[in-house]
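Hi,

Here is the structure I promised to pass on.

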Number of protein chains: 12
Amino acid sequence: MAKKSKVLPIYVLSGPNLNLLGLREPDIYGRTTLAEIGQMMARRAKNHGLSVVFRQSNHEGELIDWIQEARTKSAGMIINGGAYSHTSLALHDALRALDRPLVEVHLSNPFAREEFRHHSRISPVAKGVIVGFGAQSYVLAVDALASLIKGSTG
Amino acid sequence: MAKKSKVLPIYVLSGPNLNLLGLREPDIYGRTTLAEIGQMMARRAKNHGLSVVFRQSNHEGELIDWIQEARTKSAGMIINGGAYSHTSLALHDALRALDRPLVEVHLSNPFAREEFRHHSRISPVAKGVIVGFGAQSYVLAVDALASLIKGSTG
Amino acid sequence: MAKKSKVLPIYVLSGPNLNLLGLREPDIYGRTTLAEIGQMMARRAKNHGLSVVFRQSNHEGELIDWIQEARTKSAGMIINGGAYSHTSLALHDALRALDRPLVEVHLSNPFAREEFRHHSRISPVAKGVIVGFGAQSYVLAVDALASLIKGSTG
Amino acid sequence: MAKKSKVLPIYVLSGPNLNLLGLREPDIYGRTTLAEIGQMMARRAKNHGLSVVFRQSNHEGELIDWIQEARTKSAGMIINGGAYSHTSLALHDALRALDRPLVEVHLSNPFAREEFRHHSRISPVAKGVIVGFGAQSYVLAVDALASLIKGSTG
Amino acid sequence: MAKKSKVLPIYVLSGPNLNLLGLREPDIYGRTTLAEIGQMMARRAKNHGLSVVFRQSNHEGELIDWIQEARTKSAGMIINGGAYSHTSLALHDALRALDRPLVEVHLSNPFAREEFRHHSRISPVAKGVIVGFGAQSYVLAVDALASLIKGSTG
Amino acid sequence: MAKKSKVLPIYVLSGPNLNLLGLREPDIYGRTTLAEIGQMMARRAKNHGLSVVFRQSNHEGELIDWIQEARTKSAGMIINGGAYSHTSLALHDALRALDRPLVEVHLSNPFAREEFRHHSRISPVAKGVIVGFGAQSYVLAVDALASLIKGSTG
Amino acid sequence: MAKKSKVLPIYVLSGPNLNLLGLREPDIYGRTTLAEIGQMMARRAKNHGLSVVFRQSNHEGELIDWIQEARTKSAGMIINGGAYSHTSLALHDALRALDRPLVEVHLSNPFAREEFRHHSRISPVAKGVIVGFGAQSYVLAVDALASLIKGSTG
Amino acid sequence: MAKKSKVLPIYVLSGPNLNLLGLREPDIYGRTTLAEIGQMMARRAKNHGLSVVFRQSNHEGELIDWIQEARTKSAGMIINGGAYSHTSLALHDALRALDRPLVEVHLSNPFAREEFRHHSRISPVAKGVIVGFGAQSYVLAVDALASLIKGSTG
Amino acid sequence: MAKKSKVLPIYVLSGPNLNLLGLREPDIYGRTTLAEIGQMMARRAKNHGLSVVFRQSNHEGELIDWIQEARTKSAGMIINGGAYSHTSLALHDALRALDRPLVEVHLSNPFAREEFRHHSRISPVAKGVIVGFGAQSYVLAVDALASLIKGSTG
Amino acid sequence: MAKKSKVLPIYVLSGPNLNLLGLREPDIYGRTTLAEIGQMMARRAKNHGLSVVFRQSNHEGELIDWIQEARTKSAGMIINGGAYSHTSLALHDALRALDRPLVEVHLSNPFAREEFRHHSRISPVAKGVIVGFGAQSYVLAVDALASLIKGSTG
Amino acid sequence: MAKKSKVLPIYVLSGPNLNLLGLREPDIYGRTTLAEIGQMMARRAKNHGLSVVFRQSNHEGELIDWIQEARTKSAGMIINGGAYSHTSLALHDALRALDRPLVEVHLSNPFAREEFRHHSRISPVAKGVIVGFGAQSYVLAVDALASLIKGSTG
Amino acid sequence: MAKKSKVLPIYVLSGPNLNLLGLREPDIYGRTTLAEIGQMMARRAKNHGLSVVFRQSNHEGELIDWIQEARTKSAGMIINGGAYSHTSLALHDALRALDRPLVEVHLSNPFAREEFRHHSRISPVAKGVIVGFGAQSYVLAVDALASLIKGSTG
């Protein structure tokens, strides 16, 4: 089974408003679009022998559906929950049931922003968290996740 | 009208991640699947001369749509709001407008778990609450709701 | 031992001011007296092959004495702690040491009342909680407890 | 019925540690003993054509028993709940069910003392509150209660 | 000096909106006007050999001016700070510097009303507090104050 | 009586520092002076067949005096309480006793400013609230108030 | 570009349960239906030379999709977020990225209702807020928005 | 008088559920019974020329009665208030009036347990506190109290 | 303009109860009267080539009127807001609009007194704060203000 | 290994300002110097066959260095963290890694002092706590620690 | 002794990061270096016949050592605790034991900065506080301290 | 200058108790020692053409000294503040003045541990944060920092 799971893709989910990347408040979120980040991640994952399923939704329920799907169809997950990170217990519960290595990312550093962004419902159920490096956060997360997957299956 | 409403079914709604029942954290939620609970409830409701509409969704908006539907199409409701129970004012408002007997259930006992599960936005608008008896919570809820419906219409 | 405990009675304890049932604020607590509830429970318990020890006290200490007594003399307990539910750590400790299936009940739905009734010191040490169905709460609790006793001994 | 209730006595209840009056911290509570206060009140009540039932207990449950007794046996009540004033929801509930004019008194002014004495669970269910005048608080309370009884029955 | 202070009048100050008494929300504040209360108090004070200076203002600063005046011109004070009771540290400071027996009164029972009326900035610097008896609160306050003045000078 | 009240003017009260309008922090409050706003409102009110009494004060007590005056002399009120909005229970009480349609306005949007401006003691006793449109807030308030007056008297 | 944006419609979005308008709790929300409000707004907008896109959803994600659409397809927005107003950081973020004049409306006055309705996540990113005037709130919002659009483009 | 008080016994009071010692949760409270602790203390006290009055009650009121008794009948007190330690202002008041050296003990270390056990109403009125050493806590308390009694009388 | 403003006086405002200086609680506030402080300041200001306008009021509104006056008539301000310092947002707003160097002073050290004196609404809009040196606080404030005026105009 | 650790000394660490013992606030901390306490402890430890390493530092870092040293060089530790007890998570972490029996002591009873001394970061990682008996606290701690060491090794 | 203490120097202590003065964030802290401030203070102190011991440390423990040294070697102290002002109870305790006139200074006005700088652990044990005047704060502090030393010894 | 700064080393600082890595609680912190992490980082940095200065201290003041040193001697910094992360405003201030790219790391995921580890004083002044990947956190931080240095200088 460990062997088999190596060939499963990693799921990369992005939450509400992240489809506006590159358009919305570029001084906070940078000018790279989400599509470009997807391409960067696919390249990086390939280096680790991994493929990427890359999705975005503004719908909390759809994100939960995808997390549930990933329970059997993925080798691990990288998630940027957007604003749902700070409020969604439903995402928290879905991720707790994921049973796959999980990395949380944010483009900006939420701890340097408004108080209500300092607390994430996702962080306590993630293995690790990487924030503040813009698009680079996602790329580092691929490295981190690859290493976790190797660790848990290798 | 009272007569007519007797033949309306009861709505049983389950919120996010409850479709994972039997798979997710069985030591908290037990090994019975949601489908099996649906069958147990149907049988029990039949004893009371009632039928059951049994639905689950991870989407807050879909749950609200169904609650609105139940305003005219149901004789009463049993709801397990899952994690939305603790955060959703929108569910609270929808249920307040339901105008039908309402029973809240939980499989586990939320008061014996994390602090953030101690407060439910649904409880104040429910007639009564039954928690902690696993699948049995749902069956007891059918008895309770049947008795409420009889009381309000009989 | 499992066999023997089957013939032990269930203890049903009611806390302060519950002796006023049927007299005090009938629109909140209903018109059934506590004695009538005792009779309803005895009948229901008999269906499950169980007998009932039914007591009420306004004295926190006496309730604790009874809970300690129930450690060896009962098969399980149903408790309505009344106002002590919200404040008594001593009841909490006594019930934690009970080591028997425990069901908490309330006649009214405390979550639809004053803030200070939203938190119960008993709930976290109970197996399950049933509130809001008036005298019916107690009857449902007998069903729930019978099922728990069977589960733990059968 | 209004006529009959006129001849019922008024109940004056004192809570924990008030039996130490005159002995405990005289600079806060004065040097008059509780028995002397009882005599002052009896004399004052007599002026209003009223008699006094005067009791003290350190036991919360006993105070509740007496309040319940007063539901049918008294024309009104004056209560100094002592330290239970600040913590006892059970007293609160018992007094709410009293259905007789109720006056809360304290010898000292709790608002000039420790923070935890600023909040009384009795105040919201009393008609009025008189604090800070030492033994005189009780005498003023007799006047106030007599006037309330007259108002509600005369 | 003690002798002399006996002939000084007592000051009775009423704060904002109390001039509306008898007009504003009569189910909370009763139908007696402030002028009528002034007359009741004058009569009662006369029984104790005291006269009354009776004033009302909607202006916090004017109330402070009067309290300062009372430092040398009064034998004691009765104050109903109205809504300023709950917010005014300036009144608190002025009254702390009064150096005369001080009784706080309220017509209604603030502890049975909104949360923001539960805390008075005046209470901690008063000798005693009388609330909830309508116009009768003021009359009882005259008795209480007369007794305090006698105690401190007699 | 309904007829008569139609010819009564509407009262427009402005609280502390609003006399500095056009001078103080123009990027928050704009460059229109209070006098100019008064003229805009008079014109607009005339369209609805209404006249305007337009006053400003830095004195909380004076504002209360005017609100009390408006109980009999106005058909309705528009108020910008300035900083008193956030702290004054006395204004709250006065307005609760006003018994006339009441509209609260602010030039700036307080919810986009410091935390202490997010809570208004006036809002809960107003019929409606209009904020954030600069001088236009006042003009919209005239329309809203005219419509309320018509509704309550027409 | 300013010219072009004049011909774009204004978006009017209504959140969860607002489709029940006229049916749900009419003493709070009035008897006008949402469709009727839509028609009133269309007429009013026409007066300002504007057209209206009028939509309602119970789905948070769908509201976000529409707000993102409005970034390029609308001249401005009026939003009643319903219960999501009080909890949704995701709506907050979407609206912050809207870059069009934004007016928040509510039918009832949330500040006169439960505590949890006093805080809106939408208010800090709106230009202005209009609440409490029932269907009239929406009509006033059209006037306010028209004036903002003119101001920013005229 | 100092001489006389030497021959008075020390009072050792144990609060609710401590009679279960050795039975209840032995990994927290150890396996020594309360009776055995009483014997250990009697032996140790004898070394210091002191005798022990050793009592336990689940009744708050009875504990208060005993503390009042100890005002004249004991040379000092050791108390383990059990769960009442964390909630009982009445015990706090009784102990403040004790006027004898007072040592608080706990078997377990409350600071390493649930949050609600971190705060004791007894600690501020005790001379010293000894917690966490199981039955040994009581023995050390005898040494400490003996030394305090000697210090205050010797 | 810089030249001209040099010859403007400095305004020294004192808030409620400060007219009692030397009389009220001398162990906190010292025995120097406010008039004497005014003379000390005038002498000190003269050394810096400055004159002093020295005023006290118990009226919040009057203080605001004077602060507004000082916008054009003063070179800078020293203010001791008394108890209004801790509560008055209206003073805060007025001082924020002052646009002149501002120094806050207190005779006593508020941080060594009751909790409610630890927070000043004036401090965040002052350039600097000097507290705790009695009358000397005012004199140091003259030096500080003179230096600020020189800095901003010299 | 158990044998070997018996001959290891016990470490007694005192935190900031404890070197001032006997000099600083003698009515709180007594007149015994720290050196004298060291000698008392050495004598007492000798009775148990133990030696003492006795150190004090005002430097948080140095205390941590010593705690780390004690991981291999001591049989157990007694610590009075002084003011660092209430704030230092770094001490907390160091002590959690100590892996030796640990007793916390304080000379005074912190629970009878300022609020900020009621919470110790050391208590939750100590085996037991002894406070309030002055120098005697340290001596009792030697007895307690000796008994713990014997228990864990004997 | 009073005479002798006149010739003792004053200690001026600066806490963490103040050695960066003139380099770090000059718009908050100004461009004057700490050494230059030392020279300004020495000159000013000389005017008062006083000398200055001027030290800075980033080490909390070293600051405490110096404060203890100052108990016998200084006539008074001026301290800028830097960030330790807001967190260090150990500094608080050391300064409370200082027994010399103490003045707290800050270059910037902490009340106009982040919330966590609004509370100083040093302020309650200082005689007075001077903040916000940049380097001038220190010079004013020398004047203030000189006057305190003269007052306490002259 | 940009060229020159490339050859400066990166500083890697570790706070209190991190020298125990590999020894202390290996299930939380792993079995790799700090020295081994230093070697891993040196190798990784070399790949980016960077060298590493690698230091650990239990002393807050020493960490501050090193951060100040790094202002001129480093190209960027990686810091694991250990327990000081959660409490030290002094570190916060020092890092804010660093003016070099800063990455915060933690071995474990603090958000999955005790509440008091959820808040870091370092995070708001860091560019980005990487936590939860054990020793791998440090290696990823080298990649992240290298990329930041390149970005700011390249």
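A strand here is a DSSP run of E with at least two residues, a helice is a run of H or I with at least four, and both are numbered from the N terminus. Two strands pair if DSSP finds at least two bridges between them. This is a predicted model, where local features need pLDDT of at least 70, side-chain atom pairs count only at pLDDT 80 or more, and totals for chains, interfaces and linings use all residues. Residues are numbered from 1 along each chain as its sequence is written, chains are lettered from A and ligands numbered from 1 in the order in which they are written, and side-chain values use heavy atoms, leaving out hydrogens and water.

Now the sheet. In β5(J), J:V131 sits opposite J:H106. Strands β4 (residues 102–106) and β5 (residues 128–131) of chain J run parallel and are joined by 4 bridges.

Both belong to an open sheet of 10 strands with mixed pairing, ordered β2(H)-β1(H)-β3(H)-β4(H)-β5(H)-β5(J)-β4(J)-β3(J)-β1(J)-β2(J). At the edges are β2 (52–56) of chain H and β2 (52–56) of chain J, each with a single partner strand, so one side of each has no neighbour in the sheet.

Cheers
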